[in-house]
Amino acid sequence: MGKRIVLADPRGFCAGVDRAILTVQTILKASGGPRKDGLPPVYVRRQIVHNRHVVDDLAAQGAVFVQELSEVPDAAAAAGIPIVFSAHGVTPGVKAEAAARGMHVVDATCPLVSKVHREVLRFVREGYEIIYIGHRGHDEAVGVVGESPEHVHLIEHAADVESLDFRPDQPLVLLTQTTLSIDETAGTIAALKARFPWLKEPPSSDICYATSNRQAAVKLIAQQSDCVVIVGSANSSNSVRLMEVAQEALGDRGLAHRVDDAGEMDPTWFDGVDAVGVSSGASVPDELVAGVIEALRGRGFTEVSTVETIKENMHFVLPSELRRQPSRA
Ligand code: SF4
């Protein structure tokens with residue numbers, strides 16, 4: 001048998017990422033070219049999704065990315081230039097700042113992230129303290145914690161459970177970031193339940209369908225490979241988790257690597273390897289995976305098989321704000 005590539009399916013874009021990118025593309029298309037006043041057609045707060053290639057591509061089409069709303073000039077706010085909030089969501093403070101400046105906001109927060117924001121507000125109203133498993137500093141976690149910083153207690157790992165302290169009569173509920181490792185989170189939840197047996201879990205896990213499906217598929221391809229390449233950016237939580245899940249499934253048989261694109265692959269990774277598993281994070285365009293496959297073919301991995309675990313048919317409609325056309329100078 002020749003050297004093989006084992007491709008995971010599902011991989012790549014999820015419905016939330018698809019919607020966020022389409023949101024910016026729709027605004028760019030409707031803008032009809034350069035404005036007379038020299039303002040850009042659209043601003044985007046933070047990376048629309050955590051993928052360098054996607055951001056560079058939209059920037060080349062005219063979108064201007066900012067870290068904070070303060071970087072958007074008053075003239076742009078006054079002219080009604082849309083400002084898009086990324087798929088990861090924002091804090092109420094950011095929304096308030098945009099409202100105070102009269103900005104034309106188009107909110108591309110993934111509906112599954114918005115669901116967690118709503119859960120925070122509901123549980124706080126009902127008197128709960130919330131334990132939130134997430135990654136400190138990640139945009140999604142910042143947004144969710146920002147809904148009620150005094151009642152949302154962020155932990156990252158099982159080892160952090162010891163730092164928490166609640167009275168037994170304190171209602172407690174668990175919420176999580178959407179892109180965690182299912183296996184690692186299970187360990188953290190077990191530690192939480194051992195310490196706070198009355199901890200309530202929401203009716204359905206906050207770890208989203210795309211995260212679960214991609215992790216299940218990567219586990220299977222890793223079992224059939226002796227090296228795994230995950231395409232995704234370093235700041236993409238779900239891509240990094242995929243690499244960790246792949247490494248766990250590979251065990252001592254080989255290594256899992258994460259790359260932004262084929263150019264980052266090191267030829268020595270494939271010395272003595274017969275089968276390379278390939279997958280990609282939820283924010284990764286498939287052409288980047290195609291580039292990795294092409295490069296691997298060039299190294300003699302000519303047989304390509306796909307392991308399909310589930311068919312995804314999730315789709316989210318565009319943000320409602322897009323029904324109003326952006327004004328033009
Ligand atoms: S990974 Fe999940 S939560 Fe994040 S944008 Fe995609 S569908 Fe939404």
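Let's start at Ser236, which counts as buried because 27 C-beta neighbours sit inside 10 Å. Here, "buried" asks for 20 or more other C-beta atoms within 10 Å of a residue's own, while 12 or fewer makes it exposed and anything in between partly exposed, with C-beta atoms placed from the backbone. Before going on, keep in mind that this is a predicted model, where local features need pLDDT of at least 70, side-chain atom pairs count only at pLDDT 80 or more, and totals for chains, interfaces and linings use all residues. Residue numbers run from 1 along each chain as its sequence is written.

So where is Ser236? Its place is the loop between β9 (227-231) and α9 (237-250). Helices (H or I, at least four residues) and strands (E, at least two) are DSSP runs, numbered from the N terminus. Not counting residues up to four places away in sequence, Ser236 touches His50, Asn51, Gly281 and Ser283; a contact like this needs C-beta atoms, placed from the backbone, within 7 Å.

Ser237 counts as buried because it has 25 C-beta neighbours inside 10 Å, and, with residues up to four places away in sequence left out, it touches His135, His138, Gln177 and Thr179. Asn238 is buried, since 27 other C-beta atoms lie within 10 Å. Setting aside neighbours within four places in sequence, Asn238 is in contact with Thr179, Thr211, Arg214, Gly281 and Ala282.

These residues also turn up in a record: an unreviewed UniProt entry lists His50, His88, His138, Thr178, Ser236, Ser237, Asn238 and Ser283 under "binding site". The positions follow the numbering used here, feature names are shortened, and annotations may be inferred rather than shown by experiment. For "active site", the unreviewed UniProt entry lists Glu140. You'll find Glu140 in helix α6 (residues 139-145), where it counts as buried because it has 24 C-beta neighbours inside 10 Å. Beyond its neighbours within four places in sequence, Glu140 is in contact with His88, Gly89, Val113, Gly134, Gln177 and Thr178.

Now for the ligand. There are 15 residues around it, and Cys14, Gly16, Cys110, Thr178 and Cys208 come nearest. To be near, a residue must have its C-beta atom, placed from the backbone, within 6 Å of the molecule or strand. Helices α1 (15-31), α5 (111-125) and α8 (209-223) are the elements that give two or more residues to this shell, and α1 has the largest share, with 3 residues. By class, the shell holds 10 nonpolar, 5 polar and no charged residues. Ala, Val, Leu, Ile, Met, Phe, Trp, Tyr, Cys and Pro count as nonpolar, Asp, Glu, Lys and Arg as charged, and the others, Gly among them, as polar.

Stepping back, the protein's domain assignment gives domain 1 (3-14 + 209-308), domain 2 (15-110 + 317-323) and domain 3 (112-195), with bounds from an automatic or database assignment. Where domains 1 and 2 meet, the contact takes 12 residues from domain 1 and 10 residues from domain 2. The centres of domain 1 and domain 2, taken over C-alpha atoms, are 31 Å apart.

Finally, look inside. The largest nonpolar core has 55 residues, and Val17, Val24, Val42, Ile48, Ile83 and Val84 touch the most other members. Such a core is a set of buried Ala, Val, Leu, Ile, Met, Phe, Trp, Tyr and Cys residues joined through C-beta atoms within 7 Å. Apart from it lies another core of 29 residues, including Leu7, Ala217, Ala256 and Phe301.

Methods: Two residues are in contact if their C-beta atoms, placed from the backbone, lie within 7 Å.
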